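Biologist: Could you walk me through this fold, one question at a time? I would like to see how each answer is reached.

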Amino acid sequence: MKIATLLFTLAVAVAASAAELDRAAASLPGTEAQFSQRFTPKGFKNGQVESGTVTFGPLPMMRWSYLHPEQKVFVFDGNRSWLYIAAEKQVTVTTLDEKQRSELPFLLIGDPVARDRHFVVRETARGSSVEVTLQPRSFSAMIRSVTITIAAATHTIQRVAYSDREGNETTFDFSGFTKRSVASDFFHFTPPAGVGVVEQ
């Protein structure tokens with residue numbers, strides 16, 4: 001097989017392996033869903049559970065509104081993130097570089113170039129769902145593995161689960177996706193009066 005033919009075959013295989021994930025990413029903008037997030041530290045069977053709603057704009061714009069057990073907001077506009085914790089009256093503002101982006105699976109879902117640069121993607125059909133696994137190309141990566149479960153019929157993401165190099169596990173479960181159109185300034189956070197701002 002000629003080198004050019006081999007490279008073309010490999011390129012087609014890579015594109016096909018992420019086809020369902022790309023369809024899921026395309027369906028996210030302009031939607032809102034309920035989510036439940038579970039963080040389980042290494043060595044523990046039970047983890048802390050938080051829940052709320054998430055709104056997706058043109059990826060990677062997103063806004064996470066946590067309602068339980070405490071109120072907090074995480075907003076990402078494509079370059080900067082804001083984390084506001086109401087009880088602490090503080091918002092942390094961070095400008096994310098490429099390395100930090102690669103450690104946040106949700107930012108990679110809608111960025112196939114960065115995703116394929118940092119991870120090997122594989123898709124497997126499992127009944128009515130498609131299971132997508134992302135394995136880091138670098139042994140020093142913070143994220144060790146990502147598993148994304150997608151409903152094959154609707155191309156909606158049902159679950160995102162990942163582990164880090166410390167052995168901690170994080171799982172997001174999604175339900176009740178609905179259409180929601182919002183202005184771009186919805187993905188920018190303005191701190192309430194009297195709230196401290198920490199720049200990182």
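What follows is a short exchange about strand pairing, cores and one loop glycine.

Biologist: Before we start, what kind of model is this?

Modeller: Happy to say. Confidence cut-offs apply to its local features, with pLDDT of at least 70 required. The model is predicted.

Biologist: How many bridges join strand S8 to strand S9?

Modeller: S8 covers residues 129-136 and S9 covers residues 143-151, and the two run antiparallel. They form a hairpin with 6 residues between them. The number of bridges joining S8 to S9 is 6.

Biologist: Which residue in S10 stands opposite Thr149?

Modeller: S9 also pairs with S10, residues 156-164, in the antiparallel sense over 8 bridges. In S10, the residue opposite Thr149 is Arg159.

Biologist: Which residue in the turn between S9 and S10 has a positive phi?

Modeller: This hairpin has 4 residues between its strands. Ala151 has Thr156 of S10 as its bridge partner. The turn residue with a positive phi, about 60 degrees, is His155.

Biologist: And which turn residue has a positive phi between S10 and S11?

Modeller: S11 spans residues 169-179 and is joined to S10 by 5 bridges, running antiparallel. Ser163 is bridged to Glu169 in S11. The hairpin has 4 residues between the strands, and the one with a positive phi of about 95 degrees is Gly167.

Biologist: Which residues touch the most other members of the largest nonpolar core?

Modeller: That core has 33 residues. Phe174 has contacts, beyond four places in sequence, that include Phe35, Val54, Phe106 and Val160. Its contacts also include Trp64 and Ile157. The residues touching the most other core members are Trp64, Ile148, Ile157 and Phe174.

Biologist: How many residues are in the other core, the one that lies apart from it?

Modeller: Good one to look at next. Trp82, Val91, Phe187 and Phe189 are among the members of that separate core. Its residue count is 9.

Biologist: Is Gly110 buried, partly exposed or exposed?

Modeller: Gly110 is found in the loop between helix H4 (105-109) and helix H5 (112-118). Buried would need under 20% relative accessible area, and exposed over 50%. Because Gly110 has 33% relative accessibility, it counts as partly exposed.

Biologist: How far apart in space are Gly110 and Leu28, C-alpha to C-alpha?

Modeller: Setting aside neighbours within four places in sequence, Gly110 is in contact with Ala25 and Leu59. Gly110 and Leu28 are 82 residues apart in sequence. Their C-alpha to C-alpha distance is 8.9 Å.

Notes: Residues are numbered from 1 along each chain as its sequence is written. This is a predicted model: local features need pLDDT of at least 70, side-chain atom pairs count only at pLDDT 80 or more; totals for chains, interfaces and linings use all residues. Side-chain values use heavy atoms; hydrogens and water are left out. Two strands pair if DSSP finds at least two bridges between them. A nonpolar core is a set of buried Ala, Val, Leu, Ile, Met, Phe, Trp, Tyr and Cys residues joined through side-chain atoms within 4.5 Å. Buried means under 20% relative accessible area, exposed over 50%, partly exposed in between (1.4 Å probe, protein chains only). Contact means heavy atoms within 4.5 Å.
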